[in-house]
Amino acid sequence: MAQNTHGTATSPSLSSTFNKGLLEENPALRQMLGLCPTLAVTTAVTNGLGMGLATTFVLVCSEVVVSLLRKYIPSSVRTPAFITIIASFVTLVMMLTKAYLPSLDEALGIYLPLIVVNCVVLGRAEMFASKNGPLLAAADGAGMGIGFTCSLVMMSAIREVLGNGTLLGVRVLPSFIEPMVIMVMPAGGFAVLGILLAASVWIEEHPRHRHKVLRKSSSPSASLCAACPIQCGVGDPTNDACAKDEFVEMLEAAYAAARKEAEERDQ
């Protein structure tokens, strides 16, 4: 009975499931998963793109299969079963890459078969696919995979341009600018990863602090507008267009709590 109702009470939508992997729960930049291939293969855009697409394919296919079989896999062998499913798709990717993209196969090396134990793939199978239907599992795998691919491509582009002076093998830096060799070394990978991580946090959090919308209230209060440091001209705190700074809201809440406590103490 628990399996029949598991995950059906509050099932997320396909769009929200897909979008969360792009930025909010980006595997590399927010969850810090799969950092071994992220740092190792991102010295060229072709390598990053190839690893990202391979991981995306394995993510989508393995999550769909795990979702379809979730009610038939005993909990005692769940992890070995998941790894077997993932390994099957990784083997398929390796065979296709070796047959049609031998140069990419050589460049990725050991990191291509290591997708089997990639925390991103196994973690999504365990945390999401085993608890949701195949459509949601496919959306989750696609979102996480594309988010992971974008992270690898951005890192690869920065490191290739600064470290080799090229982009997709084409010279983009003038000849008089000496490439920074450190960018294609592990130290450069960590530096670029830190910059992208900080940028992703800023992109997600900045709008929340710039435009905090005041919650609607049943009784408008002119005193709130009088005390508001933002002269928006709306003049109605119940209007969604009336924006208040989060710090001001916090001060008002603390003041209201202190005033209520004082009144209760006086009574």
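Visitor: Is Asp-140 buried or exposed?
Guide: This is a predicted model. The relative accessibility of Asp-140 is 0%. Buried means under 20%, so Asp-140 counts as buried.

Visitor: Which residues are linked with Asp-140 in a network of salt bridges?
Guide: The side chain of Asp-140 meets that of Lys-20 in a salt bridge, at 3.9 Å from N to O. Asp-140 also forms a salt bridge with Arg-124, where the closest N and O atoms are 2.8 Å apart. The residues linked with Asp-140 in the network are Lys-20 and Arg-124.

Visitor: How many residues apart in sequence are the parts tied together by Asp-140 and Lys-20?
Guide: Asp-140 belongs to helix H8, residues 134-164. Lys-20 sits in the loop between helix H2 (14-19) and helix H3 (35-40). The pair therefore ties together parts whose separation in sequence is 120 residues.

Visitor: Which helices hold Arg-124 and Asp-140?
Guide: Arg-124 and Asp-140 form a salt bridge. This pair links distant parts of the chain, 16 residues apart. Arg-124 is in helix H7 and Asp-140 is in helix H8.

Visitor: Are Lys-20 and Arg-124 buried or exposed?
Guide: Lys-20 has 16% relative accessibility and so counts as buried. For Arg-124 the value is 6%, so Arg-124 also counts as buried.

Visitor: How many salt bridges does the structure hold, and what is the N to O distance for Asp-105 and Lys-98?
Guide: The structure holds four salt bridges.

Visitor: Are helices H4 and H7 roughly parallel or roughly antiparallel?
Guide: The axes of H4 (residues 45-69) and H7 (residues 119-127) come within 9 Å and cross at roughly 20°. Angles under 35 degrees count as roughly parallel. H4 is therefore, relative to H7, roughly parallel.

Visitor: Is the crossing of H4 and H7 left-handed or right-handed, and how do the contact residues divide?
Guide: H4 passes H7 in a right-handed crossing. H4 contributes Thr-55, Val-58, Leu-59, Ser-62, Glu-63 and Val-66 to the contact, and H7 contributes Val-120, Val-121, Arg-124 and Ala-125. These contact residues divide into six nonpolar, two polar and two charged.

Key: Residues are numbered from 1 along each chain as its sequence is written. This is a predicted model: local features need pLDDT of at least 70, side-chain atom pairs count only at pLDDT 80 or more; totals for chains, interfaces and linings use all residues. Side-chain values use heavy atoms; hydrogens and water are left out. Axes are lines fitted to C-alpha atoms, for helices over the stretch in contact, and angles run from 0 to 180 degrees between N-to-C directions. Helices (H or I, at least four residues) and strands (E, at least two) are DSSP runs, numbered from the N terminus. Angles under 35 degrees count as roughly parallel, over 145 as roughly antiparallel, 65 to 115 as roughly perpendicular and the rest as oblique. A crossing is left-handed if the near helix is turned anticlockwise from the far one by less than a right angle, and right-handed if clockwise. Contact means heavy atoms within 4.5 Å. Ala, Val, Leu, Ile, Met, Phe, Trp, Tyr, Cys and Pro count as nonpolar, Asp, Glu, Lys and Arg as charged, and the others, Gly among them, as polar. Buried means under 20% relative accessible area, exposed over 50%, partly exposed in between (1.4 Å probe, protein chains only).
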